[in-house]
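I opened the notebook to check a few side-chain features one at a time. The entries follow the order in which I looked things up.

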Amino acid sequence: FATPTGELHPLQHMTPGELLKYNIMTAQQLSVYFTFCFVRNPWDRLVSDYHNFFSQVTNDFQNYIEIVEEIVAVQNKGESYVQTWDTFPNPVRGIDNGGNGKINTHFVPQHQFIYHEGKSMIEFIGRFENFENEILELCHCIRNRGQDGDLGAAGKIIEGTTPIHKEHSSKHDHYNAYYNDYTRRVVEKSYAQDIAMFNYRF
């Protein structure tokens, strides 16, 4: 999706506020749809993101965390972090001379995907750490509401005919092996609201 000012913004990474701002969905639609999401320990989330994407361009984990800190500081103010293309691990904020730029969505604090103007927009909040059990609970919610649809995908998961699996899983050591005291505190400060809201600990 191209914003009115020209920056590219993936639809699947938009917050409720952005969906409303860009008229992609209406408040009425958001109020009638069954909405759900999964949250994840911020320290673990950043290690996963590092392995899935950013370890290919930097092998300096501390530098990666410092870049995250810079980006999230902007996002915590409710602003988008717009950067020129392909500038990681040294992102250049803004658009290039050709007017090209993209909105960085990898590190947006998770509460911004749940709350809009102080109100929760999400009915079911699952935890990545208990993924399989909470997927089953979610599927029961969908089926009990009569919203399983013609394909009955939720019912198939409940019955075990469709397996539960994670896409883009990365193999790595436990997340706490990647941090020192400094980088641990950087994440703790950057994602303070997520940590408090969802009761996460290092």
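I began with Cys141, which is partly exposed, with a relative accessible area of 27%. The model is a predicted one.

I counted 15 aromatic pairs. I looked up Phe38 and Phe131, whose ring centres are 5.3 Å apart with 50 degrees between the planes, a tilted pair. Which parts does this pair tie together? Phe38 is in strand 1 (residues 36-39) and Phe131 is in helix 5 (residues 131-144), so the pair joins parts 93 residues apart in sequence. Phe38 has 25% relative accessibility and counts as partly exposed. Phe131, at 17%, counts as buried, because buried means under 20%.

I went on to Phe54 and Phe107, which also form a tilted pair, with 5.4 Å centre to centre and 35 degrees between the planes. Phe54 lies in the loop between helix 3 (42-52) and helix 4 (61-75), and Phe107 in the loop between strand 3 (102-103) and strand 4 (115-116), so this pair ties together parts 53 residues apart in sequence. I noted that both Phe54 and Phe107 are buried. Both also belong to a cluster linked by ring pairs, which includes Trp43, Tyr50, Phe61 and Tyr64. Tyr175, Tyr178, Tyr179 and Phe202 are in the cluster too.

I found the charged end of Arg40 over the ring of Phe128, 3.8 Å from the ring centre. The charged end of Arg127 sits over the ring of Tyr200, 4.8 Å from the centre of that ring.

Is helix 3 mostly covered or mostly open? I found it mostly covered, with 9 of its 11 residues buried. Among the buried ones are Trp43 and Tyr50, along with Asp44, Arg45 and Asp49. The buried residues of helix 3 pack against helix 4, helix 7 (181-190) and helix 8 (192-197). Last, I looked at the start of helix 3, where a side-chain oxygen of Asn41 comes to within 2.9 Å of the backbone nitrogen of Trp43.

Conventions. Residues are numbered from 1 along each chain as its sequence is written. This is a predicted model: local features need pLDDT of at least 70, side-chain atom pairs count only at pLDDT 80 or more; totals for chains, interfaces and linings use all residues. Side-chain values use heavy atoms; hydrogens and water are left out. Rings of Phe, Tyr and Trp (its six-membered ring) pair if their centres lie within 6.5 Å; planes under 30 degrees apart count as stacked, over 60 as edge-to-face and the rest as tilted. Helices (H or I, at least four residues) and strands (E, at least two) are DSSP runs, numbered from the N terminus. Buried means under 20% relative accessible area, exposed over 50%, partly exposed in between (1.4 Å probe, protein chains only). A charge sits over a ring if NZ of Lys or CZ of Arg is within 6 Å of the ring centre and within 35 degrees of the ring normal. Contact means heavy atoms within 4.5 Å. A polar contact is a pair of N or O atoms within 3.5 Å; within protein, one must be able to donate a hydrogen and the other to accept it, and residues adjacent in sequence count only if both atoms are side-chain atoms.
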